[in-house]
Amino acid sequence: MLCKTTVARKVLLYAWQNGLRIESASLYTLDAQEYFRASVDAYLLFIRSNPTGKSKECQVFGSLHAQQPHSVFGLQDGMLVADVKSYLKREDLTGTGFRGWQSGIKHDCSKVFELCIERGNLVNGLGEFVEIEPEVLFPLLKSSDLAAHRKPHRWMLVPQRAMSDDPSRLRLEAPKAWNYLTAHAHFLDKRKSSIYRNCPRFSVSGVGPYSFAPWKIAISGLYKKLEFVQVPPFLGSPVVLDDTCYFFPCQSEEECNLLYELVTSEPAREFWSAFIFWDAKRPITAQLGFGA
């Protein structure tokens, strides 16, 4: 079968999880420009079935002519791992999920929720000057900020402290913020994600007490590198992250330093890498934290 790597992995994962009898599986990188004059991700998936087959691994070759695979992925302990050799080397680090691994806040309307400061004034993505209560404003980091090791230069309006909160409480607690959201309801009501359908008006997603932890260890979900960044408070306020980031919340600088040493150690890096498919569009995902 000619296919993309994501398709090949889905096909094999389904086969392995449902007990289909596979004797061997191989994936060969194709030069699509040479063979098809197309700039696309192309691979040849070769599967040999057998009534007694029990293989749950796939060898990956750099070309049709390669004699040895450059990696092997497969199903280990019920999990799809990108590098079987690395996983088996650090298998003892497997747990029931890394404590506190979270994703950032999802709002789907940056022009309204994300603000910057110009000449001492808050300005939204529409170029409007904004005046809202500081209690609902938090310094913001996005994936590009983490990758560049930048300090926050944006702010996010966060209308909830937990998913169970109703933003309408802002009518009394932060009336300027509530009036601002109401004035831009025509943008917020058009958000297409299904996560907002059964939620109170102006809700965001991925928010909880962990979002406001004073210290964090964060990683970008968009960049293809395994690089954790320590995120301290900024101007006396906890920094929030957007939904392209993942992080561990920490309650103190000491806790943050210790955890940072652990997750960036060589054994940990080998273990993380065993789960990451670097050819994926977003190689760092929420599921990555569940294997550790």
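Predicted model: local features only at pLDDT ≥ 70, side-chain atom pairs only at ≥ 80, totals over all residues.
**View 1. An open sheet of four strands, E7-E16-E13-E14.** The four strands follow one another in the order E7-E16-E13-E14, and the pairing between them is antiparallel. Strand E7, covering residues 102–103, and strand E14, covering residues 229–231, are the edge strands, each of which pairs on one side only. Helix H9, residues 253–263, packs on the sheet and touches E13, E14 and E16, with a direction that makes about 30 degrees with that of E13.

**View 2. Strand E13 and its partners on either side.** Strand E13, residues 215–220, is joined by six bridges to strand E16, residues 245–250, and the two run antiparallel. Within this pairing, Trp215 stands opposite Cys250, while Phe248 is the bridge partner of Ile217 in E16.

**View 3. The side chains of E13 and their burial.** From E13, Trp215, Ile217 and Ile219 point one way, whereas Lys216, Ala218 and Ser220 point the other way, and all are buried. Because six of the six residues of E13 are buried, the strand is largely enclosed by the rest of the structure.

View 4. A search of the whole structure finds zero disulfides. For Cys116, which is in no disulfide, the nearest cysteine sulfur is that of Cys109, 15 Å away; with a relative accessibility of 24%, Cys116 counts as partly exposed. For Cys256, also in no disulfide, the nearest cysteine sulfur is that of Cys250, at 4.4 Å, and the cut-off for a disulfide is a pair of sulfur atoms within 2.5 Å. Cys256 is buried, with a relative accessible area of 0%.

**View 5. The second largest pocket and its lining.** The volume of the second largest pocket is about 320 Å³. Its lining is made up of 17 residues, and those that lie nearest the centre of the pocket are Ser71, Ala82, Phe277, Trp278 and Asp279. At least two residues of this lining are supplied by each of three elements, namely helix H1 (5–17), strand E2 (22–29) and strand E5 (71–76).

View 6. What is the place of Arg119 in the chain? Arg119 is found in the loop between strand E8 (114–118) and strand E9 (121–124). The phi of Arg119 is near 50 degrees, a positive value in a residue other than glycine, and Arg119 is exposed, having a relative accessible area of 71%. Leu235 is located in the loop between E14 and strand E15 (240–241), where its phi is near 55 degrees, again a positive value in a residue other than glycine. With a relative accessible area of 67%, Leu235 counts as exposed.

Methods:
Residues numbered from 1 in each chain as written. Heavy atoms only, no water. Pairing = 2+ DSSP bridges. Contact = heavy atoms within 4.5 Å. Axes fitted to C-alpha atoms, helices over the stretch in contact; angles between N-to-C directions. Buried < 20%, exposed > 50% of the residue type's maximum accessible area, 1.4 Å probe, protein only. 1 Å grid on protein atoms, 1.4 Å probe; cavity = no way out; pocket = protein on both sides within 12 Å on 5 of 7 lines; lining within 4 Å. Points joined across faces, edges and corners; volume = space filled by probe spheres on them.
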